[in-house]
Amino acid sequence: MVSILYWGFQMESENSLEKKVTIVGDTSRFHLGSRLNYYEFCKLVSAKYRIVQELPYDSFGINFMTFDKFFGKLKKTKWWSGLCESDLIIVHGEGLTEKCEDYVYKYLYFSRVGKILGIESHLVNFSMYEGDPFISLLKDFSYIACRDVLTLKHLRYLGFDPELSFDCCVLGLDIEKKAKHNGSVALIRGRHGFDEKLARKFGTPIKYNCCWLWEGNAINLSSIKDYVKQISNSQVTLSTSFHGNIISFLSGIPFISLDKSNRKYRALDIELLPKEKTEILRDPGNIDHRKIVQIHYENIINVLRERAMLNCI
């Protein structure tokens with residue numbers, strides 16, 4: 001049996017993995033959190049299929065186009081031949097399908113492409129809270145696995161019965177379990193920034209560039225593993241980033257979501273924080289509260305990993 005090296009891990013050769021897959025939605029260029037998620041996702045996929053090609057998340061721009069126009073453009077791209085030889089299309093959604101935006105159609109159009117080519121299409125690891133306009137396209141997917149409970153609730157309301165998956169970052173790292181902290185507050189920026197003055201009521205604020213980049217001084221490290229180890233010294237994280245909250249989870253400390261513009265942050269509050277979260281977040285530096293959080297995280301991470309595995313079937 002022949003193996004080849006793919007992104008640093010072993011992948012079976014074409015002789016042993018007969019089914020070929022095209023991945024739509026390479027999100028590894030978003031930031032380090034997305035990069036770890038996408039790396040673990042590809043590792044998961046490559047264990048079952050031969051990856052023929054990966055289409056970047058911005059392959060077709062952000063402006064709306066009809067399916068016929070999109071399909072005509074697609075057939076002229078370098079990816080068309082790979083699609084024709086694929087047995088499966090996996091659309092990796094991440095944060096690209098959350099709202100009813102023009103660019104979302106071009107991700108979901110691949111369900112119709114799969115139907116035309118006579119192959120399966122899967123939509124996985126995604127959030128969606130405004131799905132009404134996309135119902136006909138969602139129906140053409142052979143398999144759907146959403147990454148959070150609020151998306152699951154919304155899709156069930158629309159008449160679908162998807163699997164409940166999770167972000168693949170949890171497949172790559174364990175929970176840090178430091179008993180003590182240094183009194184600092186980790187600040188992780190998402191699309192929207194926030195004023196660090198808010199953090200000072202908890203402790204000394206430290207900005208981390210593990211997701212969206214801060215303006216000015218912030219800590220830059222080479223990997224999410226390095227960020228997790230350093231952030232675990234803090235008592236709490238303030239974040240406007242979905243992956244920032246997951247990084248806090250992996251760091252073994254509680255987090256406070258400051259972005260209320262998107263239900264994905266609320267979803268992680270529901271899914272990751274312990275039931276005592278209100279009391280804990282009033283005094284996150286309390287050593288007993290820290291233990292409660294870490295025990296809770298340890299109790300749920302294997303379930304989250306099992307869910308993440310459902311992004312590839």
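Visitor: Is glutamate 85 buried, partly exposed or exposed?

Guide: Keep in mind that this is a predicted model. Buried would need under 20% relative accessible area, and exposed would need over 50%. Glutamate 85 comes out at 36% relative accessibility, so the label is partly exposed.

Visitor: Which side chain does glutamate 85 meet in a salt bridge?

Guide: Let's start with where the two partners sit: glutamate 85 is in helix H3 (residues 80-85), and the partner is in strand S3 (residues 20-26). They are 65 residues apart, so the pair links distant parts of the chain. The N to O distance is 3.9 Å, and the residue is lysine 20.

Visitor: What is the distance between the closest N and O atoms of arginine 29 and aspartate 58?

Guide: Arginine 29 is in the loop between S3 and helix H1 (32-46), while aspartate 58 is in the loop between strand S4 (50-56) and helix H2 (67-74), so their pairing ties together parts 29 residues apart in sequence. Arginine 29 is exposed at 52% relative accessible area, and aspartate 58 is partly exposed at 38%. The two form a salt bridge, and its closest N and O atoms are 2.9 Å apart.

Visitor: How many salt bridges does the structure hold?

Guide: Some of them join up: Glu98, Arg147 and Lys264 are linked in a network of salt bridges. For the structure, the count is 14.

Visitor: Where is glutamate 130, a member of the negative surface patch?

Guide: The patch is formed by Glu101, Asp102, Glu130 and Asp132. Patch members need over 30% relative accessible area, and glutamate 130 has 34%, which counts as partly exposed. Its place is the loop between strand S6 (120-126) and helix H5 (135-139).

Visitor: How far apart in space are glycine 159 and glutamate 276?

Guide: Glycine 159 sits in the loop between helix H6 (149-157) and strand S8 (163-164), and at 65% relative accessibility it counts as exposed. In sequence, glycine 159 and glutamate 276 are 117 residues apart. From C-alpha to C-alpha, the gap in space is 33 Å.

Visitor: What is the radius of gyration of the chain?

Guide: The chain has 11 helices and 12 strands. For 313 residues the globule rule gives 20 Å, and the chain is close to that, so it is as compact as a globular protein of that length. The radius of gyration is 20 Å.

Technical notes: Residues are numbered from 1 along each chain as its sequence is written. This is a predicted model: local features need pLDDT of at least 70, side-chain atom pairs count only at pLDDT 80 or more; totals for chains, interfaces and linings use all residues. Side-chain values use heavy atoms; hydrogens and water are left out. Patches are made of residues with over 30% relative accessible area and no salt bridge: like charges are joined within 9 Å, nonpolar side chains (Val, Leu, Ile, Met, Phe, Trp, Tyr) within 5 Å. Accessible areas come from the Shrake-Rupley method with a 1.4 Å probe; for residues, only the protein chains shown count as cover. A salt bridge is a side-chain nitrogen of Lys or Arg within 4 Å of a carboxyl oxygen of Asp or Glu. Lys and Arg count as positive and Asp and Glu as negative; His and the chain ends are not counted. The place of a charge is taken as NZ of Lys, CZ of Arg, CG of Asp or CD of Glu. Helices (H or I, at least four residues) and strands (E, at least two) are DSSP runs, numbered from the N terminus. Buried means under 20% relative accessible area, exposed over 50%, partly exposed in between (1.4 Å probe, protein chains only). The radius of gyration is taken over C-alpha atoms; the globule rule is 2.2 Å times the number of residues to the power 0.38.
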